[in-house]
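Please keep the sequence and the structure in view while reading.

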Amino acid sequence: MTRILHILDHSLPLHSGYTFRTRAILRAQRAKGWEVACVTGLRHKAGGPGMEVVDGLTFHRTRGKSGSVPLLREWKEVDALAGRIDALVREWRPDLLHAHSPVLNALAAQRVARRHDLPLLYEIRAFWEDAAVGNGTSREISPRYWLTRKLETYAVGAADAVAVICEGLKQDLLARGVPAGKIIVSPNGVDMEMFGEPVPPDPALQTRLGLDGAEVIGFIGSFYDYEGLDDLIAAMPSLIARRSSVRLLLVGGGPMEEALRQQAAASPVAGHIVFAGRVPHDEVERYYSLTHILAYPRKAMRLTELVTPLKPLEAMAQGRLVAASSVGGHRELIEDGVTGTLFPPGDPEAMAEALAALLEDRGIWEERRRTARAFVERDRNWLSNISRYEPVYQKLLGYQRKRRAA
C-alpha cells in the first residue's frame, strides 16, 4: 500500500481554500486505498497538540519559533520543518513526499528527500511572490519578489515532478524552461459529497438577513483586495437603478473587511448591502441557498490572471448562477454564456449591466445551472481529479526502485 506524506503550510481545523483543497485531496486518496499523513510548518497558527486528527485525517505539527528578521526567519522555518519531516520519515516510512506551496515547504522537503532517497512531487497552488503582491505585502518591483521567484524556479528544478492547479501556472513554468513532461495539471475540484446536494432556502435565515423578496447577488469567501469587492459595491447603485429589488450578500471576512464596510455605509444604496460575517464551513450551504447569482469580481493582476479560484466551482455545484470578471483564472473555469457570465475587470458599470441582464433573462437560468453543474461533475469532481496523481506517483516510485536496484 502506497504511503504519501503531504507537507503543508497550514491545514484543518483552519478554514481556507488551501485547507479545503488539501482535505479533498486526502479524502480522495484515502478512498483509493492509499495511506496519507500530513505535516505542517511553523506558519500553521491554530495551536493544538503535536499530532491531531481532524475529519479523520492525521496532521503532525512543527514546533518552534521563526523570529522576525527577514531571510533568517524563513531559513529557520525551512530548518524546523525539515527536521520534523525527517523525524516522520524515520517513524512512518512514507514511499513518497508530496510538498505543497509555498516554496519554503518544497525546500524543506528536498533536504529530506535527498537524505532518504525519496521521490518528491512539488505542488504549486499559486506562486508565493504573486500571492504576496495580491495580499498587499509585497510589490512586483522589489528584491523580495525577485528572490522568491528565483527560489521558486530552483525548487521546481530540484523536484522530481511538479503539479500545478491550472494551465496559467503551467504556461508560466514552461516559459521558465521547465520541461513539459515534468508538469501535470491537477485542477481545483469540488468534493461532491459535501457540495453536491444543494439545500433548500432557509426562510428564517433569509428573514434575519433582510432578504425576503429580494434578488440576491452573493459573494462567499475571503475579503482580499484582489477579489475586487470594492468594485462590486461600487456597481450597486447602477444595478439598483435597473433592478430595485437586488440585495448584495457578502459572507466572510478578511483584510479588506473594515474598508468594505465603510464603503458600503457611504453608498447611496447602503440598505441593499448585507454583511453576514464569517460563518462555519458546515453552514455555508445555507447561505448559498439564499443567492440567485454568485459574483466574483477579481481585479486584473498576475495572481488572478494565472490562478484559478475554487469558489466558482462550489457555486456551480450548488446550482447557483455564476458571474465573474474576465481575468485569466476565471476564463479557464467559466465559458461565457454557457456555464457563466463574464464581464470586464475593474469596471463597475459593466458589472452592473452584466448582472442586470442575467437577472432579467430568467429563461436561461435552468439550462445554465444544469450545464455548469454537469461541467463540475464531469471535469472538476475530486473523485476523478485524483486520478491525475496516480501515474506520476507510480512513475516516480518506479524510478526510485530502479535507482535502488542499480
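The structure is a predicted model.

## Aromatic residues

A pair of aromatic rings is described by the distance of the centres and the angle of the planes. The model contains five aromatic pairs. Two of them are set out in the table.

| Pair | Distance of ring centres | Angle of planes | Class |
|---|---|---|---|
| Tyr224 and Tyr226 | 5.5 Å | 5° | stacked |
| Tyr389 and Tyr393 | 5.9 Å | 20° | stacked |

Planes under 30 degrees apart count as stacked. The planes of Tyr224 and Tyr226 stand at 5°, and this pair is therefore stacked. The planes of Tyr389 and Tyr393 stand at 20°, so this pair is stacked as well.

Tyr389 and Tyr393 belong to helix H18 (residues 389-405), where four residues, or about one turn of the helix, separate them. Together with Trp34, Tyr389 and Tyr393 make up one aromatic cluster.

Aromatic rings also meet charged side chains. Over the ring of Tyr18 sits the charged end of Arg125, at 4.2 Å from the ring centre. The charged end of Arg176 sits over the ring of Phe127, with 4.5 Å to the centre of that ring.

## Cysteines

A disulfide is a covalent bond between the sulfur atoms of two cysteines. How many disulfides does the structure hold? The number is zero. Two cysteines may be located by their accessibility: Cys38 is buried, at 1% relative accessibility, and Cys166 is buried, at 0%. Both values fall in the buried class because that class takes in residues under 20% relative accessible area.

## Cavities and pockets

Rolling a probe the size of a water molecule over the atoms shows where empty space is left. Two cavities of 30 Å³ or more are present, and the second largest cavity has a volume of about 70 Å³. Its lining consists of Asp9, Gly41, Leu42, Arg43, Glu77, Val78, Leu81, Pro102, Leu104 and Asn105. Helix H2 (72-92) and helix H3 (103-116) are the elements that contribute two or more residues to this lining. H2 gives the most, with three residues. By residue class, the lining of the second largest cavity comprises five nonpolar, two polar and three charged residues.

The second largest pocket holds about 180 Å³ of space. Twelve residues line this pocket, and those closest to its centre are His15, Arg23, Met194, His281 and Asp282. At least two lining residues come from each of helix H7 (192-195) and helix H11 (284-288). The lining of the second largest pocket is made up of six nonpolar, two polar and four charged residues.

## A loop residue

Where does Gly210 lie? Gly210 is found in the loop between helix H8 (203-208) and strand S9 (215-222). The relative accessible area of Gly210 is 42%, so this residue is partly exposed. From Gly210 to Ile386 the separation is 176 residues in sequence and 41 Å in space, taken C-alpha to C-alpha.

Terms used: Residues numbered from 1 in each chain as written. Predicted model: local features only at pLDDT ≥ 70, side-chain atom pairs only at ≥ 80, totals over all residues. Heavy atoms only, no water. 1 Å grid on protein atoms, 1.4 Å probe; cavity = no way out; pocket = protein on both sides within 12 Å on 5 of 7 lines; lining within 4 Å. Points joined across faces, edges and corners; volume = space filled by probe spheres on them. Nonpolar A, V, L, I, M, F, W, Y, C, P; charged D, E, K, R; others polar. Buried < 20%, exposed > 50% of the residue type's maximum accessible area, 1.4 Å probe, protein only. Disulfide = S-S within 2.5 Å. Phe/Tyr/Trp six-rings, centres within 6.5 Å; stacked < 30°, edge-to-face > 60°. Lys NZ or Arg CZ within 6 Å of the ring centre and 35° of its normal.
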